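Student: Could you show me how to read the model displayed here, beginning with its secondary structure?

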Amino acid sequence: MKLLLVGTSYQRAPVELRELLAYDRELRRQALERLSADGTEAAVLSTCNRTEVYAVDADPEALEERVYGELSALSGLSHSELAPALYTVGDEAAALHLFRVAAGLDSMVPGEAQILGQVREAYHAAREARTTGPILHRLFRQALRVGKRVRTETAIGENPASVSAAAAELAERVFEGLAGRRILLLGAGKTADLTAANLISRGVGEIVVANRSRERADALARRFDGRGVGLDAVEEELEWADVVVASTSSQGVVLSAPQVGRAMKRRRGRPVFFIDIAVPRDLDPAINDLEGCYLYDIDDLERVVAESVAGRREEAVRAEAIVSEEADGFRAWQLSLDVVPAIASLRAQAESIRQAELERAEGRLASLSPSQRRAVEALTSQIVAKLLHQPTVRMKEAAAAADGVLYADAVRHLFGLGDDDQARDARQ
Amino acid sequence: MGEAALLLFWPALAGYAEAAVAYAGDTVRPGRLVGYAIWGVRLGWLAQTALLVAQAADADGFPWGTWAGSLNLFVWMCVGAYLIWGCRAPFRLLGLVVMPVAALLLILAWAAGGVGEPARSEFGDVFLAFHVGLILAGFAGFTLAAALAALYLVQERRLKRRAPGVLRLRFPSLETLDSLTVRAVAVALPALTLGIGIGLARLGSEGGGFDAIMGVTLLTWVVYAAFLVLRWEAGWRGRRAAYLALAGFLLVLLVRLVLTPFFHFEP
């Protein structure tokens with residue numbers, strides 16, 4: 001059985017093509033049903049950055065044609081139009097690719113966390129559609145484990161990869177958690193929206209939106225379940241705010257250092273974290289010189305993000321080593337599949353011989369008590385198990401060294417076993 | 001037995017020194033060496049505990065009556081306090097300050113003969129156990145508070161200057177460091193107060209002169225009492241509070257490292 005991956009990602013296809021190749025839940029379910037009609041294992045990973053079909057079948061060439069047909073039907077593009085954007089890899093390379101994807105090593109931002117959830121979702125969808133078999137089951141479970149391992153053993157996912165996440169994380173370096181904190185939004189541009197959303201996701205208590213127009217402030221505040229005020233009330237609001245996010249379209253400074261200084265006196269030294277994502281800047285840079293005030297503008301935040309992404313790239317080297325080690329493990333397991341039917345046949349034959357010999361000796365064993373009978377059963381089972389232990393271990397070792405098929409054939413020949421199909425049926 | 005105690009000094013020092021180096025290394029590559037640092041602290045502290053037990057078993061009376069002996073006990077208390085909550089994930093970097101200080105003070109105690117055969121003190125055992133024990137416990141708390149305050153100032157400076165890699169090191173938040181400094185002082189000050197009270201009571205009953213050590217110890221008490229009053233009444237926090245905690249610690253160092261060994265050989 002061969003594992004095959006056919007797919008595309010942001011590295012090969014522009015967004016216009018990725019849109020055509022995106023599966024929603026229903027389309028994916030239908031595709032999985034079609035692909036698995038003749039017993040093929042199949043799973044589809046579809047995100048905004050990639051669409052990948054993982055499938056397992058005995059005939060990889062025919063399987064590739066079928067997957068191409070699926071993607072062609074989905075996108076409405078011909079085989080030749082799709083081909084330049086698609087990559088096709090098999091077995092070890094396919095496993096290595098999925099492990100890299102799950103670890104976030106193939107993502108735009110190395111180590112991003114969302115992809116692991118998307119791999120999990122692809123696996124669950126395939127399981128619900130009953131299109132996973134032993135190979136895809138093992139592949140996806142191991143991929144999920146690799147994703148977790150990489151994030152636990154390296155710092156690849158630790159630092160923020162966006163301006164909004166960097167702002168929230170910096171705020172957490174000032175405050176003991178953001179739960180229950182008060183946020184003051186000055187204006188509300190797109191980045192401020194994202195920053196506010198990031199802060200809300202970390203449990204901030206109340207959001208106050210200040211705007212030149214009170215009506216506009218109220219309208220914006222409703223989006224965050226907060227309260228709107230006019231810009232004239234900012235100094236008063238500063239007394240209670242913990243984080244200030246500024247993003248007005250004003251051409252001048254909206255909040256000066258003396259204004260903040262007056263508020264700080266009333267705050268009895270409680271710190272404030274200022275985030276200025278407006279261009280031109282809304283906040284007087286001298287605010288950062290005041291005790292207890294920490295001011296970061298858009299350039300500062302982008303520098304933090306750039307450093308953080310660079311740090312992630314450094315960690316990616318360690319993550320690659322983990323992924324490679326896991327891919328070797330998967331390869332060894334996959335190779336061991338070559339000898340599993342032969343081992344199963346050998347054990348089945350040994351067991352049937354044991355049973356037959358016990359039946360033949362039934363007359364001589366009839367006088368035994370139940371406990372003596374159990375002892376004979378245990379003794380014969382142990383003899384069989386011990387005799388087969390070493391050949392089993394050796395066959396598995398040979399499989400790991402890619403000699404599994406040779407050994408399996410030799411065992412079948414020496415012990416007069418049936419062919420693999422019979423053994424596989426017996427095992428199942 | 002004194003030799004056994006001396007033998008235990010080396011693993012204790014090795015543990016503390018290894019922890020100090022590992023914490024320093026952790027600032028270069030965060031997360032890699034911190035495990036080794038914590039094990040260094042644990043093993044070093046266990047070795048020093050065994051050292052103190054060996055000294056106590058061998059002693060005829062209170063075993064840490066000399067300056068060097070009390071320094072040995074003081075290091076054990078500081079590292080013990082750090083072990084109780086300093087080793088937890090958010091505060092591990094405290095070790096960056098605590099462990100080098102602990103290693104240096106332990107070397108000093110060894111050089112001055114405080115880790116071998118214990119010397120007999122001229123003072124009564126019960127008096128010494130309470131007076132010295134409480135004052136040292138108070139000083140250990142102030143040492144921890146100073147480490148927290150130093151860490152606060154480092155982190156505050158990094159945030160203010162938007163230092164490169166500001167998020168790379170896993171410092172506790174400023175607010176956490178600030179509130180823990182206050183808590184450490186709030187726990188240590190009553191211990192120092194009791195220790196001073198016992199000393200003054202003895203001075204009243206048995207007589208004796210008022211010396212520089214007593215004067216600076218009282219001044220230390222005043223600084224830390226002012227620290228708490230200013231915090232609770234005037235809202236002093238952040239940088240100012242950190243500087244005050246460090247100023248108090250300078251007085252602790254003055255008492256422990258200058259006045260006690262050079263002007264007065266009892267703790």
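Tutor: Going from the N terminus, chain B reads α-α-α-α-α-α-α-α, that is, eight helices and zero strands, where helices (H or I, at least four residues) and strands (E, at least two) are DSSP runs numbered from the N terminus. This is a predicted model, in which local features need pLDDT of at least 70 and side-chain atom pairs count only at pLDDT 80 or more, while totals for chains, interfaces and linings use all residues. Residues are numbered from 1 along each chain as its sequence is written, with chains lettered from A and ligands numbered from 1 in the order in which they are written.

Student: What span does helix α6 of chain B reach, and what is expected?

Tutor: The expected span is 1.5 Å times one less than the number of residues. Helix α6 (residues 174–206) of chain B, with 33 residues, reaches 47 Å from first C-alpha to last, close to the expected 48 Å. After α6(B) comes B:G207, which has a positive phi, near 75 degrees.

Student: How many residues of chain A are in contact with chain B?

Tutor: Two residues are in contact if their C-beta atoms, placed from the backbone, lie within 7 Å. Here 21 residues of chain A are in contact with 20 residues of chain B. On the chain A side, the elements giving two or more residues are α8 (163–174), β10 (293–297) and α13 (298–336), and α13(A) provides the largest share, five residues.
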